[in-house]
Amino acid sequence: MADSETADAVVVGAGMAGLVAGLELAESGADVTVLEKAPTPGGSMRISNGIVWTYGSFEELRERSPDGEPALQRLLVDRIEDDLAWLESVEADLVTPEFDVPGPGKTIDPPAFTDHMVERIEAAGGSVRLEMPLDSLAVEDGTVVGVEATGPDGKRVTIDADAVVVATGGFQGNEQLVEQHVTDATENLYLRSNPWSTGDGLLAATEVGGKTTAGLGTFYGHTMAAPPADISPDRFADATQYYGFAAVALDRTGERFTDESESALEETLTQDIATETDGRAYYVFDETIADRVFGSKTADEIFETAGELGGRTALVDSLSELGATLDEWGVDGDRAIETVEAFNDAIEGDERLHPSRENERIPIDEPPYRLVEVQPSITFTMGGVAVDESMAVKRRSASPSGMAIGADDAADGTVEGLFAAGSDVGAIHRRRYVGGLAVGLVSGRIAARSALERIGNA
Ligand SMILES: Cc1cc2nc3c(=O)[nH]c(=O)nc-3n(C[C@H](O)[C@H](O)[C@H](O)COP(=O)(O)OP(=O)(O)OC[C@H]3O[C@@H](n4cnc5c(N)ncnc54)[C@H](O)[C@@H]3O)c2cc1C
């Protein structure tokens, strides 16, 4: 028989969004249980660079990420300053990011921040339960009334609660869902994330009638040196080819396949490599950007690390040498030389390119050339659970038809008692990234306040 417990609220996931929601609930006097599937808390936040940032205005954010859900994006920019101030009041050791971010930002030390958040939640009377995954949501008459989970000893536990917040970090770790929505070549996609975010929040929410957003196939990620490179999670940040948007990216035919510069964090290029190539690309850059800093490292430092990690890299003095190296790697080297020359001619002649190149219009003509074989990686999925502005999970209708097809066909409304936060929330980002930790912070606090209101009314 399952053990039975009660709480005011259950938060599922102890990563960025879950810890923020848990603390807000605990320090507001709610009896909160935070469930965590992993043996350690922190999720992807714990292995992140810790820069909590987003864009400075709604207009700028829309320009950078025009396909996301506008109402949620507006919430993000409207609340970020207040929420960073809250973060600062919680964790005094925040520093201003050491490199430029396009709007407000602060840097956390992820492992120390994680430990500190857990301590504070527990000091306020809440609990963070490790190795205790959510299995399903408990529902009565369409209302979420708690969760079913498995404890570390394998024992089933039911927790009755007035409000549940799912913050399980997206579905990037679920091979079947990634294959269904992102790419069927999942073997060519690294997981650059915690391994426990397997869509449990999304699956549980849809199981009880929750709706999903558009854009389930879009994701945030980067490229890293392709296998045989061996990259452990503590090297994900070092292995990331942050300069990609300023390079020329070739596929195995030696041709460009997209505008590398569409987004300044490489996320659109990464998605295009995953969906428009066989999961490999070849980045070429030259002396002009070798010393330029991307994130906290120069392009050359990143290039050297790719080699140290066992990836295929080459430093060559001429385009003909570049072509010969690519031939050895199974790429059409002659075509690659033509592509780089055509790229340079078009940039110098200020002509359009196909595929286009809107930004970073700098020729690649200052040898030695650097060449890196890269593979895309997925950090989190951008599509997910549909929520309203209180982070309440929207209910899906049984049919998009105007004709009601059954008594449960409530086209509008939300799933009572259920909220989502962080990467489980869909469509704040869609194709273009707006800051993952900031989304966790802002949505986590909103979800907690909405849960508090529900607890107060229960
Ligand atoms: C290398 C790297 C660098 C990054 N750098 C930055 C950066 O500098 N700035 C930035 O904004 N973003 C960065 N990110 C992205 C950022 O880490 C994520 O956007 C953020 O952590 C998302 O927060 P979250 O709470 O949604 O998910 P997470 O932080 O991943 O937390 C989700 C948690 O849910 C748990 N969970 C999953 N399923 C269950 C279940 N069934 N029951 C209970 N618990 C469950 C997971 O174990 C995990 O602990 C980086 C990511 C990586 C990998």
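This is a predicted model: local features need pLDDT of at least 70, side-chain atom pairs count only at pLDDT 80 or more; totals for chains, interfaces and linings use all residues.

Student: How many aromatic pairs does the structure hold?

Tutor: There are 11 aromatic pairs. Planes over 60 degrees apart count as edge-to-face. Trp 53 and Tyr 55 have ring planes at 85 degrees and ring centres 5.3 Å apart, so they form an edge-to-face pair.

Student: Are Trp 53 and Tyr 55 buried or exposed?

Tutor: Buried means under 20% relative accessible area. Trp 53 has 8% relative accessibility, so it counts as buried. Tyr 55 is buried as well, at 7%.

Student: What kind of pair do Phe 245 and Phe 294 make?

Tutor: Their ring centres are 5.7 Å apart and the planes stand at 70 degrees, so this pair is edge-to-face. Phe 245 lies in the loop between helix 8 (236–239) and strand 14 (248–250), while Phe 294 lies in strand 16 (residues 293–294), so the pair ties together parts that are 49 residues apart in sequence. Both Phe 245 and Phe 294 are buried.

Student: Which residues form one aromatic cluster with Phe 245 and Phe 294?

Tutor: The cluster also contains Tyr 243, Tyr 283, Phe 285 and Phe 303.

Student: Which residue lies over the face of Phe 58?

Tutor: That is Arg 74, at 3.9 Å from the ring centre.

Student: Is helix 9 mostly covered or mostly uncovered, and what do its buried residues pack against?

Tutor: To judge a helix, look at how many of its residues are buried. In helix 9 (residues 267–276), eight of the 10 residues are buried, which leaves the helix mostly covered. Among them are Leu 269, Ile 273 and Ala 274, and also Glu 267 and Asp 272. The buried residues pack against strand 12 (219–220), strand 13 (223–225), strand 14, strand 15 (281–285) and strand 19 (369–378).

Student: Which residues come nearest to the ligand?

Tutor: Of the 35 residues around the ligand, the nearest are Glu 36, Ile 51, Asp 200, Ser 423 and Leu 437. For each contact, note which atoms face each other. In Glu 36, a side-chain N or O atom is 2.5 Å from an oxygen atom of the ligand. In Ile 51, a backbone N or O atom lies 2.7 Å from a nitrogen atom of the ligand. In Asn 194, a side-chain N or O atom is 3.0 Å from a ligand oxygen atom.

Student: How much of the ligand does the protein bury?

Tutor: The ligand taken alone exposes 1,000 Å², and the protein buries 98% of that. Helix 1 (16–27), helix 2 (43–46) and helix 14 (436–457) are the elements that give two or more residues to the shell around the ligand. Helix 2 gives the largest share, three residues.

Student: Where are the cis peptide bonds?

Tutor: Look at omega. Another joins His 354 and Pro 355, with omega about -10 degrees. Pro 355 is in the loop between helix 13 (333–348) and strand 19.

Student: Which residue other than glycine has a positive phi?

Tutor: Glu 266 is one of them, with phi near 70 degrees. Glu 266 lies in the loop between strand 14 and helix 9 and is buried, at 0% relative accessibility. Arg 431 also has a positive phi, of about 70 degrees. Its relative accessibility is 21%, so Arg 431 counts as partly exposed.

Conventions. Residues are numbered from 1 along each chain as its sequence is written. Side-chain values use heavy atoms; hydrogens and water are left out. Rings of Phe, Tyr and Trp (its six-membered ring) pair if their centres lie within 6.5 Å; planes under 30 degrees apart count as stacked, over 60 as edge-to-face and the rest as tilted. Buried means under 20% relative accessible area, exposed over 50%, partly exposed in between (1.4 Å probe, protein chains only). Helices (H or I, at least four residues) and strands (E, at least two) are DSSP runs, numbered from the N terminus. A charge sits over a ring if NZ of Lys or CZ of Arg is within 6 Å of the ring centre and within 35 degrees of the ring normal. Contact means heavy atoms within 4.5 Å. A residue is near a molecule or strand if one of its heavy atoms lies within 4 Å of it. A polar contact is a pair of N or O atoms within 3.5 Å; within protein, one must be able to donate a hydrogen and the other to accept it, and residues adjacent in sequence count only if both atoms are side-chain atoms. Accessible areas come from the Shrake-Rupley method with a 1.4 Å probe; for residues, only the protein chains shown count as cover.
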